[in-house]
Amino acid sequence: MKQSTIKSRLAHLDVTENHAVLTTVLAQLAKQNYQAQFSAEQIQTWCEQFQLSPVDLALTCLPIAACYATPPVSNFYVGAVAIGKSGKFYFGANIEFAQDAIQQSVHAEQSAISHALVAGEEGITDMVVNYTPCGHCRQFMNELNTAHTLKIHLPHSQNNLLHSYLPDSFGPKDLNISNVLFDKQHLQFSSHNDPLVQAAITAASRSYAPYSQAVSGVALQVGEHIITGQYAENAAFNPSFLPLQSALNYRRMQGLEEIAISRIVLAEKQAILSHRAITEDLAKHTFNLPVEYISL
């Protein structure tokens, strides 16, 4: 069954509750072509206009964020809002892929965090989500440079430290990693004259792979737009976030889901593991496209 689009879900969103806030946010989303992030200045304006804290505003926005989900397997819509150190809001939502392994799925918290990471944010102060984070997402958030101060906010419970959900946690410190997710990565690779290939190389240089060293980045040609995504590894391995998922997530959050992808480039450093096969599988099943592979 064909999934409805983000725009159609937003158009049919019930705004009876919190009508003034939701209609104002929806109008701004339409104005910015459904790019699902908002500047710190915009957030401050709305907080003053509606007499809300940033967290309360984010909680109110969760039904909008959930409209960005694509869950053909579960039909379960999860929305998240990551609040950056900058004060910006970054929406996130779960994404599932029919005809492929469930391990290819994107969780809403991963979506919001990757959205912020690709956008150049320096860290996340708060994660606001409409359902309690699963263990996978708790572990993923434990990799952040703000993990010890990160607050989780749910509709029924606010101001909970991440580590209250993840007691006696295992993370980067246990593997002697000090430069963690959202810290600047210091990688450099040779340049390329093809803009899409260069974009993938640049994404790889920003990726985070302290455990395997398999740094990798993906670039998508989406109409006239180039969209990138970068690998984000995890101390527990399984919650690691693949570069194609990162790029596809950013494409959705940029409001470009209805524009076709014409090329996919994966740039990857040779290491003990590779993301090539799993990336090619998803690209084939979902878009019937080959992956152009660049070895770094």
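1. Axes here are lines fitted to C-alpha atoms, for helices over the stretch in contact, and angles run from 0 to 180 degrees between N-to-C directions. Helices (H or I, at least four residues) and strands (E, at least two) are DSSP runs, numbered from the N terminus. The model is predicted: local features need pLDDT of at least 70, side-chain atom pairs count only at pLDDT 80 or more, and totals for chains, interfaces and linings use all residues. Residues are numbered from 1 along each chain as its sequence is written, and side-chain values use heavy atoms, with hydrogens and water left out.

2. Start with α5 and α9. Helix α5 spans residues 108-118. Helix α9 spans residues 243-253. Their axes come within 9 Å and cross at roughly 85°. That makes α5 roughly perpendicular to α9 (angles under 35 degrees count as roughly parallel, over 145 as roughly antiparallel, 65 to 115 as roughly perpendicular and the rest as oblique).

3. Which residues of α5 and α9 meet? From α5 come Ser 111, Ser 114, His 115 and Val 118. From α9 come Ser 246, Asn 249, Tyr 250 and Met 253. By class, this contact of α5 with α9 has three nonpolar, five polar and no charged residues. Ala, Val, Leu, Ile, Met, Phe, Trp, Tyr, Cys and Pro count as nonpolar, Asp, Glu, Lys and Arg as charged, and the others, Gly among them, as polar.

4. Ala 112 also sits in helix α5. Is Ala 112 buried or exposed? Ala 112 counts as buried, at 0% relative accessibility. Buried means under 20% relative accessible area, exposed over 50%, partly exposed in between (1.4 Å probe, protein chains only). Beyond neighbours within four places in sequence, Ala 112 is in contact (heavy atoms within 4.5 Å) with Ala 80, Ala 82, Tyr 90, Phe 91, Gly 92 and Met 127.

5. Now α2 (residues 19-31) and α3 (residues 40-50). They pack at an angle of about 155°, with axes 11 Å apart. The two are therefore roughly antiparallel to each other. On the α2 side, the contact is made by Ala 20, Val 21, Thr 24, Val 25 and Gln 28. On the α3 side are Gln 42, Trp 46 and Phe 50. By class, the contact of α2 with α3 has five nonpolar, three polar and no charged residues.

6. Finally, Leu 296. This residue lies in the segment after β10 (292-295). Leu 296 counts as partly exposed, at 26% relative accessibility. Leaving aside neighbours within four places in sequence, its contacts include Phe 189, Ile 201 and Ala 267.
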